Amino acid sequence: MPQVTVFDMTGKSVGEMTLSDAIFGIEPNTSVMHAAVVNYLANQRQGTQSTLTRSEVSGGGRKPWKQKGTGRARQGSIRAPQWYHGGVAHGPVPRDYSQRTPKKMKAAALRYALSDRANNGRVAVVDFQLDAPSTKKAIAALAPVVADNFTTVVLSRDSVNEWLSVRNIPTVYPIFADQLNTYDVITAQYVVFSKDGLEAFVAAKTAAKEA
């Protein structure tokens with residue numbers, strides 16, 4: 001079973017924890033992870049981009065000049081696309097970019113991503129013990145573990161002090177255990193769990209699998 005190092009608030013190793021084989025010890029499947037990331041990014045798109053067509057631009061109801069006899073090209077409206085202030089031809093319109101991916105596939109992709117990070121020694125546990133928010137102490141705890149690498153820090157919902165402490169660190173992306181997804185794992189070079197965060201994450205995934 002995979003092991004993970006536990007660090008204290010000074011960045012020193014204080015022991016190891018055994019990780020679940022079902023979550024951190026499986027062979028990664030890149031195609032499933034890719035599908036999950038594409039799904040996640042597509043669902044983040046608002047799809048509100050829009051342009052005005054010639055029928056939506058105000059004005060242009062009158063023919064600018066008569067059809068024949070002027071020597072100029074015939075025109076039907078000053079709001080046609082070739083005119084300044086005219087409508088846009090074939091421009092973007094609002095649309096729904098969301099994709100539907102099976103829950104089991106998304107759950108599997110997350111396990112694959114975490115297993116990949118664990119296999120490469122990129123998963124750690126930090127025993128945060130903060131009585132009050134302190135970014136300085138959070139940096140002191142994380143710097144020896146991850147240096148300046150971009151890191152996803154996974155916390156439990158009760159870890160308010162930890163959240164307030166790490167959220168202002170430029171290279172850290174904090175997330176709650178029940179929000180962790182494949183994209184946030186593979187875009188980070190390290191994944192750091194708080195002890196409570198790891199317990200909450202494993203408990204939720206185990207309960208979901210049993211259900």
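Strands S1 and S3 (residues 123-126) pair in the parallel sense over 2 bridges, with Val6 standing opposite Val125 in S3. Strands, of at least two residues (E), and helices, of at least four (H or I), are DSSP runs numbered from the N terminus; two strands count as paired if DSSP finds at least two bridges between them. The model is predicted, so that local features need pLDDT of at least 70 and side-chain atom pairs count only at pLDDT 80 or more, while totals for chains, interfaces and linings use all residues. Residues are numbered from 1 along each chain as its sequence is written, and side-chain values use heavy atoms, with hydrogens and water left out.

S1 (residues 3-7) also pairs with S2 (residues 13-18), in the antiparallel sense and over 5 bridges. Thr5 has Glu16 in S2 as its bridge partner. The hairpin of S1 and S2 has 5 residues between the strands, and Gly11 takes a positive phi near 85° there. An open sheet of mixed pairing is formed by 6 strands in the order S2-S1-S3-S6-S4-S5. Its edge strands, each pairing on one side only, are S2 and S5 (172-176). The twist from one strand to the next averages 30°.

Helices H2 (residues 30-44) and H3 (residues 103-119) have axes that come within 8 Å and cross at roughly 115°. Axes are lines fitted to C-alpha atoms, for helices over the stretch in contact, and angles run from 0 to 180 degrees between N-to-C directions. The crossing of H2 past H3 is left-handed, meaning that the near helix is turned anticlockwise from the far one by less than a right angle. In H2, Val32, Met33, Ala35, Ala36 and Asn39 meet Met105, Lys106, Ala109, Tyr112 and Ala113 of H3 (contact: heavy atoms within 4.5 Å). The residues of this contact comprise 8 nonpolar, 1 polar and 1 charged, where Ala, Val, Leu, Ile, Met, Phe, Trp, Tyr, Cys and Pro count as nonpolar, Asp, Glu, Lys and Arg as charged, and the others, Gly among them, as polar.

The lining of the largest pocket draws at least two residues from each of H1 (21-24), H2, H3, H6 (182-186) and H7 (195-210). H3 gives the most, with 6 residues. By class, the lining has 10 nonpolar, 6 polar and 7 charged residues. A pocket is an open set of points on a 1 Å grid over the protein atoms alone, where a 1.4 Å probe fits, with protein on both sides within 12 Å along at least five of seven lines; lining residues have an atom within 4 Å of a point.
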